[in-house]
Structures are given as C-alpha cells and as structure tokens.
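Here's a quick tour of how charged and aromatic side chains pair up in this one. Have the structure open as you read.

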Amino acid sequence: MHANHKWIVSTLLLSAMGASVLPFAAPASAASVTKLKSDASRLDAPSVSEKAADQNDPQMVEEMPEMRTLYSKQYLMDDGSYETMISLMPLHYVDPKGSYKDIQLRLEPVQQVTDGAGLSTSNMDRLPISAAESSNSIENVEQDRKKQQDSKEQQESSSSQQEQPQDSSQQNPEITPVPEPENDQSDKQTEEETDANKNESPAADPSGPTVTDATYTSSTVPYVPVLHTQFDQGYALTSGDSLHILPLGTQSATADTSRIADGVLSYSDAWPSTDVQLRLTERGIDQTLLLKSASSPSAFSYRIEGKLQEDGTAGALSVQPVWAEDAAGVKHEVQQTIRQHNGAAYLDMSLNSDQLQYPVTLHAATGLNNTGLSQEGTVTSALPAAGRSVQGGLLVGVQGETTFQSYLQFDLSMIPAKSEILGARLQLTASGSHGLNGVLQVLGNKEPWQAGQLRWENKPASYEADQGQLDLQGNDSPSIRLDESLITDWVSRKKPNYGMQLVYKSANNELLTLSSSENVSEAARPRLYISYSTDGMQLRSLAQASIRFSYDYDEQSRLQTIQFPTGELIRFTYDKAGNVVKREYIGN
C-alpha cells in the first residue's frame with residue numbers, strides 16, 4: 001500500500017475589521033500549541049479532490065456535533081475561530097443517548113395505538129424518549145449545558161481573582177474536552193438497525209384514550225407526533241404535555257399515505273369540498289385546509305383533549321394563530337376562538353367568505369412553544385389588539401394606511417460569555433422584492449416581549465441606533481452585517497438579549513414580505529451567524545505567518561495522518577467498515 005501525499009499552505013490576511021485571527025503558537029506559551037493540536041485532532045482534513053479555499057476569509061473546516069443545541073450548530077473555522085449558526089426553528093432532536101441529531105421529517109407506520117399520545121406496544125422503542133419525558137429530555141440537555149457553562153464561567157472568575165494565569169488552557173475554561181462525534185457511517189447503520197426493528201413490541205405508555213385505527217408517528221423529531229389514517233381520529237402531539245385535536249363534523253376521509261417518507265398525510269373531502277393535509281415540521285404538525293369552492297365551509301371546530309389555556313398554550317405546546325390565502329394571493333385573517341363547554345375545550349376557526357377567490361388555503365399549526373429566547377412575530381396597526389401568525393411571512397413596511405413591524409430573537413446562550421465577537425450577520429429571504437428599492441434596517445430591542453402575546457399596542461421599544469442595514473434593490477436574500485458591539489453586549493450579559501426589530505423604509509410606502517421560520521424551505525428561514533474566538537487564545541495576524549500542514553491518505557482516500565509544522569502528528573485508525581475508531585496524538 002502506498003500513500004497519497006498532499007501539502008496545503010494556508011496564508012490568511014487579517015482584515016481591516018480585525019475579523020480573521022488565528023490561535024498561534026507563541027514561543028512563550030505551549031498552551032496555545034496544545035489548543036491548536038486539540039482542535040486539529042477533531043478535524044477531518046480536506047478530501048483529496050477538494051479545491052483550494054478562498055484565502056481572504058476564514059473557511060469552514062467541519063461542524064462540531066458535540067456543541068450542538070436544539071436551535072444551533074457550531075463550526076470550527078480554518079483560522080481557529082468558531083462560527084455559530086442559530087435558527088428560530090429547532091434543528092435537532094435528542095436521541096436515546098442524549099445526543100443531538102439532525103431532525104428528519106418522516107412518518108413511521110404503527111398498527112396499534114393504546115394511549116392518547118399515540119404510543120403503542122409496537123413503536124415505543126423507536127421513539128427517542130417516552131411521551132412523558134420528551135420535553136423534559138430536551139430541556140434537561142439544554143439546562144445541563146447552560147449550567148456547565150455558567151459553572152465554568154464562575155470558576156474562571158474565581159480563579160482570576162485568586163491566582164495568576166499560568167497558560168491559555170487554564171485561562172479558557174469554556175473550552176473543555178468533549179466526546180468524539182459519532183461517525184456518519186455509524187449513524188447510517190443505526191438507521192438501518194432501527195428500520196429492521198420496527199416490529200418489536202415494547203411497553204406502552206398508559207395515558208389518554210384508546211385509539212385503534214392505523215397510526216403514524218416519528219422518532220426523529222423533538223416531540224412525539226401521532227397521525228391517523230382516519231381523519232376523524234384527529235392528531236396528537238406530546239412534549240411533556242399532550243394535545244389531542246379532534247375535528248368535528250367531518251366526512252369519512254382516509255389518508256393518502258404515499259408521502260409518509262416526507263412526513264405528510266393527505267385527506268380528500270374531509271369536509272364538503274375541503275381537502276386536508278397534515279405535515280410534520282421541526283416544531284410540530286401543520287394542518288392545511290384547501291377550500292376548493294364557495295360550497296366549502298367557512299367555519300371549522302375541533303375538540304381539544306389536553307390542558308389548553310385561553311391563550312392557546314398547553315405547557316410546552318401551543319396552538320398557533322390561523323391565517324388564510326386565496327387564489328389571488330391575498331392573505332386573510334381568520335377568527336380563532338378557544339372556548340370551554342361542559343368541561344371540554346373547543347377550538348373554533350371562522351373565515352369571512354366575502355370577496356374570496358377560490359381555492360382558498362387555510363393554515364393552522366400546533367407544536368412546541370417558542371422558548372422565549374428563540375421567537376419571531378409580526379404586528380400590524382390595523383389590528384392593534386390582535387396577534388398575527390408568521391406562517392405567511394414576516395411583514396415590514398407600509399401597505400395603504402397600515403404599518404407592519406416584525407421582531408426576531410435568537411438564543412445566544414451557547415456562545416461563551418467572554419468570547420470575542422468577530423462578526424455577525426443576519427440572513428433573510430425576501431418574497432417578491434424585485435422592484436423594491438427601500439432600505440432594510442435592524443434595531444435592537446430594549447424591552448422584553450413574547451411572540452404569543454405580541455400586539456401592536458404592546459410592541460417593545462427599540463434603540464434608535466441602527467445595528468445594521470442593507471439597500472434591498474431587488475435582493476431576494478439579504479444578508480445584513482450587524483454591529484458586533486450589540487452582539488457582544490448580549491453575549492457578555494452587559495445588556496439583556498431582547499432581540500431585534502426589522503424596519504423597512506422606502507419612498508413609496510412599500511410592504512416587504514420576509515420568510516419566517518415556518519417557511520417550508522429550510523434555506524429560506526431566518527438565520528443568525530456569529531463568528532467568535534474564545535477567551536485565552538493568543539491571537540496573531542496571519543499576515544505575519546504561514547502555516548504548513550501535511551495530510552496523508554491511503555489508497556481508499558482515507559485520512560491517515562495530519563502533520564503539524566513542528567513535526568507532531570495526529571494519526572487516524574479505522575475499523576473494517578471504514579469508521580474512525582482512534583485519533584492519536586504523536587509528539588516529535
């Protein structure tokens with residue numbers, strides 16, 4: 001066997017804004033070298049066929065799965081810094097080992113269901129966690145991570161007061177050894193084993209009413225969903241708390257199951273001239289009603305089993321505001337009422353059918369509550385005391401005499417408090433922005449708010465200074481560079497993180513629609529990217545240094561060694577299936 005040999009020379013220039021930096025091995029500090037080795041030992045080197053990276057900006061090396069949270073992914077950059085991508089929609093679910101895995105929106109058939117949450121003797125083992133624990137497990141993982149981070153920060157503060165710093169590894173308690181991420185091939189094997197075990201029979205969860213029709217659930221989302229082949233059986237979600245939603249006055253309708261791999265069930269004529277689609281999302285179950293003609297009902301009612309409150313919440317779950325869109329693309333508000341009758345809760349939805357152009361789609365969603373740190377909302381001056389669903393998008397600007405404002409808030413708790421913020425950008429997607437020439441601005445909020453209770457009359461006040469702005473000029477995917485000082489204040493807790501307000505200003509009083517986290521396309525959803533370095537790193541401009549690494553591959557293009565400029569090595573060992581089983585540091 002011979003080895004293919006590849007040399008990579010990387011020279012990056014420090015930008016004028018000071019955004020490109022590297023942990024460099026200063027002669028006086030062996031800890032900086034150790035940190036670089038520690039990072040490199042977790043890396044996968046570029047593939048043999050990889051092209052040379054653009055050396056003007058830090059390039060992504062790999063995701064760090066051990067640093068995932070429910071709403072974020074962390075990446076190691078080739079200059080030693082980190083970039084965090086934060087979403088408003090959950091990105092991960094918790095597997096039985098307590099690890100975060102990428103959400104997969106797929107349904108799995110179950111033949112029998114014996115409880116209100118939809119768990120049966122044939123599918124319990126395929127769920128990531130039991131119904132009663134599903135919310136708590138995610139919350140516990142998040143809380144444990146935050147407690148560990150807070151504890152480390154307290155230890156660092158105490159240590160800095162009592163001791164003199166010895167080296168950068170002691171000055172930087174936020175960076176700690178982490179478990180090796182699981183290999184992708186191992187994940188694939190686990191999925192194959194899961195599919196092979198679908199007919200095993202674990203114990204049932206003993207809560208709720210008995211249901212006997214064919215049922216579908218999923219083990220790859222951060223909640224426990226239950227959907228039925230018969231539409232009149234409704235659907236259910238469990239995440240610590242449970243909601244079972246039963247439609248009333250339906251016709252006989254059996255699900256089209258051809259798209260269960262996409263997490264979708266469809267029902268024809270569930271009500272007169274009305275089709276229904278139930279679709280898994282990262283947060284819960286979306287229900288879309290297609291009103292095909294004027295003979296379709298304009299009002300729909302559901303009986304709710306679960307502790308649904310008047311504000312639409314049930315512990316960790318909530319019923320989202322409903323909205324509609326007609327064939328002309330005009331969005332319509334839907335009146336939504338929660339009422340109590342004879343000890344039972346009911347949800348009523350009604351739509352003013354005047355001047356509607358059919359077909360009309362009515363959108364309703366039930367799922368996980370916003371955490372309070374990850375949320376979004378739109379308010380309008382036309383309905384000062386009413387909330388508005390963001391499923392139709394985030395609206396900003398003016399339409400006629402009506403003003404719209406939108407708000408975003410991202411959870412930043414995964415970023416160590418003493419990090420140096422190198423850059424931040426807000427990625428948005430605009431709908432129909434061609435011909436618009438206004439300016440999209442970002443303002444920091446100085447008051448708290450909650451998406452479910454956000455109204456025009458109680459919208460939060462914002463700081464007057466722009467935190468970022470962009471001339472739109474038909475740009476469908478605006479990426480707004482944000483002021484690092486505000487992000488630094490939020491991360492360091494100097495100022496509370498109340499999120500941001502989006503403002504669109506144009507000479508023609510235009511209305512701009514931005515995709516919300518509810519958009520079907522994951523790529524279109526709002527994302528916040530934050531680049532940072534951690535406290536304790538010794539940083540130096542790469543304009544003053546070149547770093548030369550050697551990567552060796554075997555005949556199967558598998559990485560064998562990474563050699564440092566100092567001659568030290570990271571050696572990789574594989575099993576027969578090609579999985580990395582050992583990463584070994586070898587000194588010179």
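## Salt bridges

Arg-279 and Asp-286 form a salt bridge, with their closest N and O atoms 2.9 Å apart; the term covers a side-chain nitrogen of Lys or Arg within 4 Å of a carboxyl oxygen of Asp or Glu. Arg-279 is buried at a relative accessible area of 17%, and Asp-286 is buried at 7%. Here buried means under 20% relative accessible area, exposed over 50%, and partly exposed in between, using a 1.4 Å probe and protein chains only.

A word on ground rules: this is a predicted model, where local features need pLDDT of at least 70 and side-chain atom pairs count only at pLDDT 80 or more, while totals for chains, interfaces and linings use all residues. Residues are numbered from 1 along each chain as its sequence is written, and side-chain values use heavy atoms, leaving out hydrogens and water.

Searching the whole structure turns up 16 salt bridges. Arg-339 meets Asp-348 in one of them, at 2.4 Å from N to O; Arg-339 is partly exposed at 33%, whereas Asp-348 is buried at 18%.

Arg-527 bridges to Glu-522, with the closest N and O atoms 3.3 Å apart. Arg-527 is buried at 11%, while Glu-522 is partly exposed at 41%. There's also a network: Glu-63, Arg-68, Lys-73 and Asp-102 are joined by salt bridges that share partners.

## Aromatic pairs

Now for the rings: the structure has six aromatic pairs. Rings of Phe, Tyr and Trp (its six-membered ring) pair if their centres lie within 6.5 Å, with planes under 30 degrees apart called stacked, over 60 edge-to-face and the rest tilted. Trp-271 and Phe-300 have ring centres 4.8 Å apart and planes at 65 degrees, so they're edge-to-face.

Tyr-407 and Trp-449 are tilted, because their planes sit at 50 degrees, with centres 5.8 Å apart. Tyr-407 is buried at 0%, and Trp-449 is buried at 7%. Back with the other pair, Trp-271 and Phe-300 belong to one aromatic cluster with Phe-231, Tyr-267 and Tyr-302.

## Charges over rings

Arg-425 lies over the face of Tyr-529, 4.0 Å from the ring centre. The criterion is NZ of Lys or CZ of Arg within 6 Å of the ring centre and within 35 degrees of the ring normal. Lys-459 lies over the face of Trp-456, at 4.0 Å from its ring centre.
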